Amino acid sequence: MSGLLNGIRHLPGYLDRTRQEALVEVIRAVVAEAPLYVPAMPGTGKPMSVRMTNCGPLGWVTDKERGYRYQPTHPATGGPWPEMPKLLLDIWNDVSGYEKPPEACLVNFYSDDARMGLHQDKDEQDLEAPVVSISLGNSCLFRVGGLNRNDRTLSFKLASGDLVVLGGEGRLCFHGVDRIYPATSTLLKNGGRINLTLRRVRP
């Protein structure tokens, strides 16, 4: 897609319906062990509009007091995050072009009125590794910019089964979700959108 920084790839329809359904079942098992919770913004403590959890050795969390970080335990249960499912490792190995495995998979659940402001994924120590993003459920309008918040942005729809890889020059691009399009997928019986982001944290 023209206009994107080098290293940003959109892979529409990467997962067919059967693989999407299998991945949803895998994520249900993750959520059963590590329940979705509402994260809070650093400093203000304002709740985010998404609910989240993680799987893998590390999980990305945020709260009012300590801000953005990775940690090995769930902030509400205190238990370790569930293991990274093989299905996610297979996707990473197929599209990342990176020899080391991901250490965190952030699971974000968007209700139909949720959104995500422009931000960079920069809490990782290893910025050579890409971020691999997987969309499941209702479509969204995904916004991508440059390396500065005020750079020109472009938006495109992400449908269920689409992947986005943020790597190379585009690894630290600003990006966000402007809106969810209700009733655009029948994958999730109660609607909404699941976004999975695979990250390598440590060099």
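Let's start with one side chain: leaving aside residues up to four places away in sequence, Arg 149 touches Leu 118 and Phe 174, where contact means heavy atoms within 4.5 Å. The model is predicted, so local features need pLDDT of at least 70 and side-chain atom pairs 80 or more, while totals for chains, interfaces and linings use all residues. Residues are numbered from 1 along each chain as its sequence is written, and side-chain values use heavy atoms, without hydrogens and water.

Arg 149 sits in the loop between strand E8 (140-144) and strand E9 (154-158); strands (E, at least two residues) and helices (H or I, at least four) are DSSP runs numbered from the N terminus. A polar atom of the Arg 149 side chain lies 3.1 Å from the backbone oxygen of Leu 118.

Now look at the sheet. Four strands make an open, antiparallel sheet in the order E6-E11-E8-E9, where strands pair if DSSP finds at least two bridges between them. Strand E6 (116-119) and E9 are at the edges with a single partner strand each, so one side of each has no neighbour in the sheet. Two bridges join E6 to strand E11 (residues 175-180), and Met 116 stands opposite Val 177 in E11.

Finally, turn to helix H2 (residues 86-95), whose buried residues are Leu 88, Ile 91, Trp 92 and Val 95; buried means under 20% relative accessible area, exposed over 50%, and partly exposed in between (1.4 Å probe, protein chains only). Those buried residues fall within an arc of 100 degrees seen down the axis of H2, so they line one face of the helix; the arc is that of the directions from the helix axis to the C-beta atoms. On the other side of H2, Lys 86, Asn 93 and Asp 94 are exposed.

Conventions. Polar contact = N/O pair within 3.5 Å; in protein donor to acceptor, adjacent residues only side chain to side chain.
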